[in-house]
Every structure is written in C-alpha cells, then in structure tokens.
Amino acid sequence: MQLHERPKLVPPDGHNKVLLHSCCAPCSGEVMEAMLASGIDYTIFFYNPNIHPRKEYNLRKDENIAFAEKFNIPFIDCDYDSDNWFARAKGMEWDPERGARCSMCFDMRFERTALYAHENGFPVITSSLGISRWKNMQQINESGIRAAAPYPDVQYWTFNWRKGGGSQRMIEISKREKFYMQEYCGCVYSLRDTNAWRISKGREKIKIGVMYYGEDDTPEQA
Ligand code: SF4
C-alpha cells in the first residue's frame, strides 16, 4: 500500500517508541499511517470503556484490530470495564459534550494508557482522539498531560494530527478502507443527545452498524 507523502515526524525528545491510545479505526487511520511513514515504532492501546452499547464497542474495536493487522502493528486490547466508567460519570449524565464528563472520560482512558506505558517501557503516549474536529484539542491535551504527570518516564505527545492535511487524509483513508462510520461520540449519553438532536431535525434515530465510509451518500464528516 502506498502511504501519503508527509514531513517526517519526530516524537518528543527524539524518542521513537510510542504507545498510541486509539478510539477507533477512522480516527487512528491517519495517525497510524503518519507514524508508519516516519518509521516510528508504535503499539496501539485500545481502552475505551465509554463506548456503548457493546455491539458498537465491538464494531469499533474489531475494525481497529483488522486495520492494525494490515501493518503488523501490535494491538493491546484492554478491559471493557464499563461499570467503572459509569461510576465515574455519575452526576455528569446531563453534561454537554466537551464538558466535565468528557474530561473525566479522557482522563480515565489516558490514566490507563500512561500506566501501561510506564509499566512497559513506552516513553511517549499520544492519542487519535484529537484528530476529530468535534473534539476540543486543548481539553484532550490537558487530560493527556495530567495522566502522564505521575510518571517521570512517560510524556504525552500533544501533536496536532489535524494539521498539514491530516483531517483530509483521515477522510480519504476512511473511504479507501470503507471503515464503519460511527454517528455519535461513544457513550450512552452522547447516543441519547445525538438522537434527540436528530429527532428535532426530523431525522431518524441512529441505527448501529449500518453506515460505512465510501458509500454513495456518505457525508463528509469525521
Ligand atoms: S461524549 Fe464522548 S468524550 Fe464525552 S463522555 Fe461521552 S464518550 Fe466520552
């Protein structure tokens, strides 16, 4: 497979070993190919207990595993400890997206990523989460830095994966690979709120497992 031309990326302090927290194949596709093109030695860490329901979780995870296998990238499949996620989200059920619940959600995922990096010799962690234009990059970076702070041997790489055409390549790769297109952020509350918004616009509720990039009527979203 021919990878896009990109300027060479160098992780912080010249390290070449990275643990990439991945939320799904569409968001990580460009990040993975960018790191591959730069010869970075990386491993995918899939820890997303926020994703609900389990069917959606399996769709996102299995597709990410299949894409990693294409490049022989190691894939760490971490727990689906959704009970802990719901416990931490208690009291924040009605928070809007990009609010305190999302900070908690990023914190939880990155805390586990940073711990794994510390215990397994990864000096740098980063995430595919920030490539989505629906996310607040600063909020994500702050969570990543907070998660790495207890470990002097681990740092969070705040690289902006959207820039330099990254956002566009993310769509191109998703269409090329015909990735599953999730239509909500991931948790049960984002599913509820997205459905409420769709109904207010006269649209149907989300149907899990039916939308794929590259289909004729696929919207230009990410
Ligand atoms: S909206 Fe997304 S980031 Fe926010 S809590 Fe839900 S799954 Fe996590």
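**Strand E4 and its two faces.** Strand E4 (residues 124-127) is covered on both faces, with Val 124 and Thr 126 buried on one side and Ile 125 and Ser 127 buried on the other. A residue counts as buried if 20 or more other C-beta atoms lie within 10 Å of its own, as exposed if 12 or fewer do, and as partly exposed in between, with C-beta atoms placed from the backbone. In a regular strand the side chains alternate between the two faces of the sheet. The model is predicted: local features need pLDDT of at least 70, side-chain atom pairs count only at pLDDT 80 or more, and totals for chains, interfaces and linings use all residues. Residues are numbered from 1 along each chain as its sequence is written. Helices (H or I, at least four residues) and strands (E, at least two) are DSSP runs numbered from the N terminus.

**The five-stranded sheet.** The strands form an open sheet in the order E3-E2-E1-E4-E5, with parallel pairing. Strand E3 (75-77) and strand E5 (155-156) are the edges; each has a single partner strand, so one side of each is left without a neighbour in the sheet. Two strands pair if DSSP finds at least two bridges between them. E4 and E5 are joined in the parallel sense by two bridges: Val 124 has Gln 155 as its bridge partner in E5, and Ile 125 has Tyr 156.

**Strand E1 between E2 and E4.** Four of the five residues of E1 are buried, so this strand is largely enclosed by the rest of the structure. E1 pairs with E2 in the parallel sense over five bridges, and with E4, also in the parallel sense, over four. Leu 19 has Thr 43 as its bridge partner in E2 and Ile 125 as its bridge partner in E4.

**Helices H3 and H4.** Two packed helices are described by the angle between their axes and the distance between the axes. The axes of helix H3 (residues 82-89) and H4 come within 10 Å and cross at roughly 145°. Axes are lines fitted to C-alpha atoms, for helices over the stretch in contact, and angles run from 0 to 180 degrees between N-to-C directions. Trp 85, Arg 88 and Ala 89 of H3 make the contact with Arg 101, Met 104 and Met 108 of H4. Residues are in contact if their C-beta atoms, placed from the backbone, lie within 7 Å.

**Surroundings of the ligand.** Around the ligand stand Asn 50, Glu 97, Arg 101, Cys 102, Cys 105, Cys 185, Gly 186, Cys 187, Tyr 189 and Ser 190. A residue is near a molecule if its C-beta atom, placed from the backbone, lies within 6 Å of it. Helix H4 (100-120) and helix H7 (188-200) are the elements that give two or more residues to this shell. H4 gives the most, with three residues.

**Phe 159 in its loop.** Phe 159 lies in the loop between E5 and helix H6 (166-177). This residue is buried, with 22 other C-beta atoms within 10 Å. The C-alpha atoms of Phe 159 and Pro 11 are separated by 8.5 Å, although the two residues are 148 apart along the chain.

How values were computed: Contact = placed C-beta atoms within 7 Å.
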